[in-house]
Amino acid sequence: MNKLIIALMLSFFSLTQSVRGQEDSIKVSLMTCAPGTEIYALFGHTALRYEDTARGEDWVFNYGMFSFNTPHFIYRFVKGETDYELGVTPYSYFEGSYAMRGSSVYQQTLNLTMAEKQKLRRLLEENYQPENRVYRYNFFYDNCTTRARDIIEECIEGKVVYPDGKEGLSFRDIVHQYTKGHEWDELGIDMCLGSEADEPVDARKQMFAPFYMLEAAGKATIVAGDSVRPFVLQEKKVVDVEPEGGEGGFPLSPLVCVFVLMGAVCLVGWIQLKVKKVIWIWDLFLFGVQGLAGCVIAFLVCFSTHPTVGSNWLILLLNPIPLIYLPVMVYRAIKGKKDLYHLINIVYLTLFIMIMPFVQQKFNATVLPLALCLLLCSASHVLLYYRQNNK
């Protein structure tokens with residue numbers, strides 16, 4: 001009898017060790033990659049690592065795969081119809097690619113049970129089926145980070161409780177944190193985002209940014225009934241590199257360029273008054289660029305499905321009207337005829353500048369001097385006309 005009890009105890013111990021060994025052989029980790037220099041990499045990246053040492057597997061599941069070679073990629077991106085997909089690569093390739101790019105990678109090993117790890121593996125394999133792997137990408141609400149977070153939560157028996165987010169932050173505030181030092185990229189993004197991007201967002205929405213997700217995961221817990229366990233078991237930096245020095249973009253910032261433009265507007269206005277003639281080629285350039293930029297803003301406001309772009313008050317300044325009217329403007333300038341457009345434009349731009357502080361949208365620093373440039377240009381036309389007709 002004693003021998004039977006001892007044999008059963010040894011069998012139970014052996015089985016327990018086997019299960020524990022199996023659990024220890026499988027690790028699931030949240031991988032957070034430091035920002036790169038390209039605009040699509042400025043915010044960093046998130047992926048999932050699935051290690052099974054017993055089976056010799058080490059894969060990275062990446063929801064951030066896309067191709068610039070996709071037909072009509074730029075048009076579809078602007079319209080909000082960009083498709084991303086889940087990709088699977090060996091961890092060694094993933095690590096090497098980020099090391100070569102100069103982006104550090106942080107690994108957070110998750111505190112999941114064996115059942116949760118197995119369920120996650122099944123969900124990932126299901127997601128990777130050809131009919132499931134492609135999804136409609138959304139920068140703020142459905143991206144590589146939110147997809148990784150959501151599929152982890154789906155496999156957990158219980159609920160992940162995250163810490164409170166940073167109070168008062170908006171999508172634009174978070175974007176600006178990552179575009180610091182990239183003024184032209186920041187200008188382009190600011191021009192596209194509307195007033196919705198300036199509304200405060202909660203902790204969960206802040207997790208669209210990979211490093212906000214990393215910070216939240218590190219402080220999160222898994223609650224299942226009376227049981228509470230940390231969400232992350234261990235955190236370490238698996239790729240520790242310094243960012244590569246970029247080739248350097250345009251040497252002048254957007255703000256400097258706008259002030260140079262303002263100087264050019266004043267100079268052209270002075271020359272026009274001296275020669276008593278409108279330099280219509282300058283109108284063609286200045287109002288043409290305004291109208292072309294306005295076409296992009298109008299398309300985003302009216303047709304794009306991107307969130308936060310439909311409420312863009314910048315359409316009051318940048319819209320297609322100057323481009324549509326441009327042939328008439330140039331014709332009247334060449335003929336020396338009075339053009340009421342410029343008088344209306346002065347009043348309109350003055351009102352726009354006056355309401356700017358009261359609009360619930362944070363405008364890029366270049367918007368006010370740009371509006372002043374257009375106002376000064378129209379003012380020089382009006383002044384020239386009255387000088388010509390009051391000799």
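These legends accompany close-up views of a predicted model.

**View 1. A nonpolar patch on the surface.** Five side chains make up this patch: Trp184, Phe250, Leu252, Val256 and Val260. Val260 belongs to helix H10, which runs over residues 254-275.

View 2. Lys276 sits in the loop between H10 and helix H11 (280-303). Its phi is near 55°. That is a positive value, in a residue other than glycine. Lys276 has 54% relative accessibility, so it counts as exposed.

View 3. The loop between H11 and helix H12 (321-335) holds Thr308. Phi of Thr308 is near 75°. Again the value is positive and the residue is not glycine. Is Thr308 buried or exposed? Thr308 counts as buried, because its relative accessibility is 3% and the cut-off for buried is under 20%.

**View 4. Helix H13 and its length.** H13 spans residues 340-355, 16 residues in all. From its first C-alpha to its last it reaches 23 Å.

**View 5. The buried side of H13.** Which residues of H13 are buried? They are Tyr341, His342, Asn345, Ile346, Leu349 and Phe352. These residues cover an arc of only 140° around the axis, so they lie on the same side of H13. An α-helix has 3.6 residues a turn, so residues three or four places apart point the same way. The cover over the buried residues of H13 includes H11, H12 and helix H14 (367-388).

**View 6. The opposite face of H13.** This face is turned away from the buried side of H13. What exposed residues does it carry? Ile344 and Met354 are found there, both exposed.

**View 7. Gly188 and Asn364.** Gly188 is a residue of helix H7, residues 183-192. Its relative accessible area is 33%, so Gly188 is partly exposed. Along the chain, Gly188 and Asn364 are 176 residues apart. In the model, their C-alpha atoms are separated by 9.5 Å.

Definitions and conventions. Residues are numbered from 1 along each chain as its sequence is written. This is a predicted model: local features need pLDDT of at least 70, side-chain atom pairs count only at pLDDT 80 or more; totals for chains, interfaces and linings use all residues. Side-chain values use heavy atoms; hydrogens and water are left out. Patches are made of residues with over 30% relative accessible area and no salt bridge: like charges are joined within 9 Å, nonpolar side chains (Val, Leu, Ile, Met, Phe, Trp, Tyr) within 5 Å. Accessible areas come from the Shrake-Rupley method with a 1.4 Å probe; for residues, only the protein chains shown count as cover. A salt bridge is a side-chain nitrogen of Lys or Arg within 4 Å of a carboxyl oxygen of Asp or Glu. Helices (H or I, at least four residues) and strands (E, at least two) are DSSP runs, numbered from the N terminus. Buried means under 20% relative accessible area, exposed over 50%, partly exposed in between (1.4 Å probe, protein chains only). The expected span of a helix is 1.5 Å times one less than its number of residues. The arc is that of the directions from the helix axis to the C-beta atoms. Contact means heavy atoms within 4.5 Å.
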